[in-house]
Amino acid sequence: MNDDQARELTRSLLHTIAPEADLDRLDADEPLRDALDLDSIDFLNFVAAIHERTGVDIPERDYPAVSTLAGCAAYLSGAGA
């Protein structure tokens, strides 16, 4: 998966978690929880959705790496998803 594909997947999954969010205005480096007003359960659902769609397991220690759009895209690109 390349960076553009990873960003599109991330946006798609975020839309399912926060359908009312304006993802076009999302800054790539802004923490997702702050930008989209996600609580901890929403974030866990997001991480679980990534795993379901890609098979990539994201351990809790790596949650900070996927806490932004740019970070998530980089993580998924590097994971060979």
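Begin by selecting Thr68, which sits in the loop between α3 and α4, the latter covering residues 69-78; helices here are DSSP runs of H or I with at least four residues, numbered from the N terminus. Before going further, note that this is a predicted model, in which local features need pLDDT of at least 70 and side-chain atom pairs count only at pLDDT 80 or more, while totals for chains, interfaces and linings use all residues. Residues are numbered from 1 along each chain as its sequence is written, and side-chain values use heavy atoms, with hydrogens and water left out.

Is Thr68 buried or exposed? Thr68 has a relative accessibility of 15% and therefore counts as buried, a word that means under 20% relative accessible area, whereas exposed means over 50% and partly exposed lies in between, with a 1.4 Å probe and protein chains only. If you set aside the neighbours within four places in sequence, Thr68 is in contact with Ala28, Asp29, Glu30, Pro31 and Leu32, where contact means heavy atoms within 4.5 Å.

Next, show α1 together with α4. Their axes, which are lines fitted to C-alpha atoms over the stretch in contact, come within 8 Å and cross at roughly 125°. That angle makes α1 oblique to α4, because angles under 35 degrees count as roughly parallel, over 145 as roughly antiparallel, 65 to 115 as roughly perpendicular and the rest as oblique. To see the contact itself, colour Asp3, Ala6, Arg7, Leu9, Thr10 and Arg11 on α1, and Leu69, Ala70, Cys72, Ala73, Ala74, Leu76 and Ser77 on α4.

Keep α1 (residues 3-17) on screen and bring in α3 (residues 40-54), which packs against α1 at an angle of about 130°, with the axes 10 Å apart. This pair is oblique as well.

Finally, move to Asp37, in the loop between α2 (32-35) and α3. Asp37 is exposed, with a relative accessible area of 68%. Although Asp37 is not a glycine, it has a positive phi of about 55°. Most residues other than glycine have a negative phi.

Technical notes: Axes fitted to C-alpha atoms, helices over the stretch in contact; angles between N-to-C directions. Helix = DSSP H or I, 4+ residues; strand = E, 2+ residues; numbered from the N terminus.
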